[in-house]
Amino acid sequence: MRILISADMEGATGVTWPADVLPGTEQWQRCRHMFTSDVNAAIAGFYDGGADEVLVNEAHWTMRNLLLEQLDARAQMLTGRHKDLSMVEGVQYEGHRRPDGVAFIGYHTGAGTEGVLAHTYLANSITGVWVNGEPASEGRLNALVAAEYGVPVILVTGDDRTALDAHTYAPDAYTVGVKDYVSRYAAVCRPPTRTATDIKAAAKQAAALAVRHAPAQAGPFTVEVEFDAAHLVGAACVVPSVERCGERRVQYTAATMYEGIRCFKAVTTLVSAAVEEQYG
């Protein structure tokens, strides 16, 4: 049994505001330990549930946040940026390297919705993402990619709103709420000793769901992205196939979510480069 962990940070234990997740800040250094604790708890639970291999894919910001020196020695970590499938790099691996299940650890809700540090790829600028008319968080986007390789989402951790979101795209997955949403920058948090116990227990049970399915063929996918400023539409439309569909909205259609998520990465890269300090 091979498990892939996609590890994001906004949904980690104790994280509630930007400085907690921005590399280089004092708060980020502190929260890295709790982030690593969440991931280690999942690793331990999956091994208790019968896993033979666990690969952790760093999925937050610079993708260099987890503390390798504190990682469970049985696991391996894929760290660093510029990966073909970004947050879910590894689901596309061939043969014995392909995982049987994927866990989303430290995830969060999507742009324009309620949730601690809610966003989709960009911290700001994007106010909503939809796939075939359905609101799409990073969790939904990544789950659609994983499904094309027959890899089920078996565990999702984050705040309580993230757990609710997960039930819409991975209804069979186990979920763990490590904190309860109060506002975008506030939450009722449980201490890491408690959340580690909860995550480990859920991962042990979730291991039973790690059974590869037939690859999903659900395309084509029409992706719509809404921005907080009209000029960002022009930046997004530099990407071939992306078209304006509103004053602050673009759309494109991809035959597969592999193509869809790669186009989304291109859009967000160009849009982030078009954002000016203060005014956005």
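**A close look**

Not counting residues up to four places away in sequence, Glu148 touches Pro215, Ala216, Phe221, Thr256, Met257 and Tyr258; contact here means heavy atoms within 4.5 Å. Keep in mind that this is a predicted model, where local features need pLDDT of at least 70 and side-chain atom pairs count only at pLDDT 80 or more, while totals for chains, interfaces and linings use all residues. Residues are numbered from 1 along each chain as its sequence is written, and side-chain values use heavy atoms, leaving out hydrogens and water.

Where is Glu148? You will find Glu148 in the loop between helix H2 (138–147) and strand S7 (153–159). Helices (H or I, at least four residues) and strands (E, at least two) are DSSP runs, numbered from the N terminus. Glu148 is buried yet has no salt bridge, and the nearest side chain of opposite charge, Arg262, is 10 Å away. Buried means under 20% relative accessible area, exposed over 50%, and partly exposed in between (1.4 Å probe, protein chains only). A salt bridge needs a side-chain nitrogen of Lys or Arg within 4 Å of a carboxyl oxygen of Asp or Glu. For charge, Lys and Arg count as positive and Asp and Glu as negative, with His and the chain ends not counted.

Now for the helix and the sheet. Helix H6 (residues 257–273) lies across S5, strand S10 (221–227) and strand S12 (249–254), and runs at about 150 degrees to S12. Axes are lines fitted to C-alpha atoms, for helices over the stretch in contact, and angles run from 0 to 180 degrees between N-to-C directions. The open sheet has five strands in the order S6-S5-S10-S12-S11, with antiparallel pairing. Its edge strands are S6 (134–135) and S11 (243–246), each pairing on one side only. Two strands pair if DSSP finds at least two bridges between them. Strand S5 (residues 126–131) pairs with S6 over two bridges, and Pro135 in S6 is the bridge partner of Trp130.

Another glutamate, Glu224, sits in strand S10. The side chains of Glu224 and Arg249 make a polar contact (3.0 Å). That term means a pair of N or O atoms within 3.5 Å; within protein, one must be able to donate a hydrogen and the other to accept it, and residues adjacent in sequence count only if both atoms are side-chain atoms. Leaving aside neighbours within four places in sequence, the contacts of Glu224 include Trp130, Cys245 and Val250.
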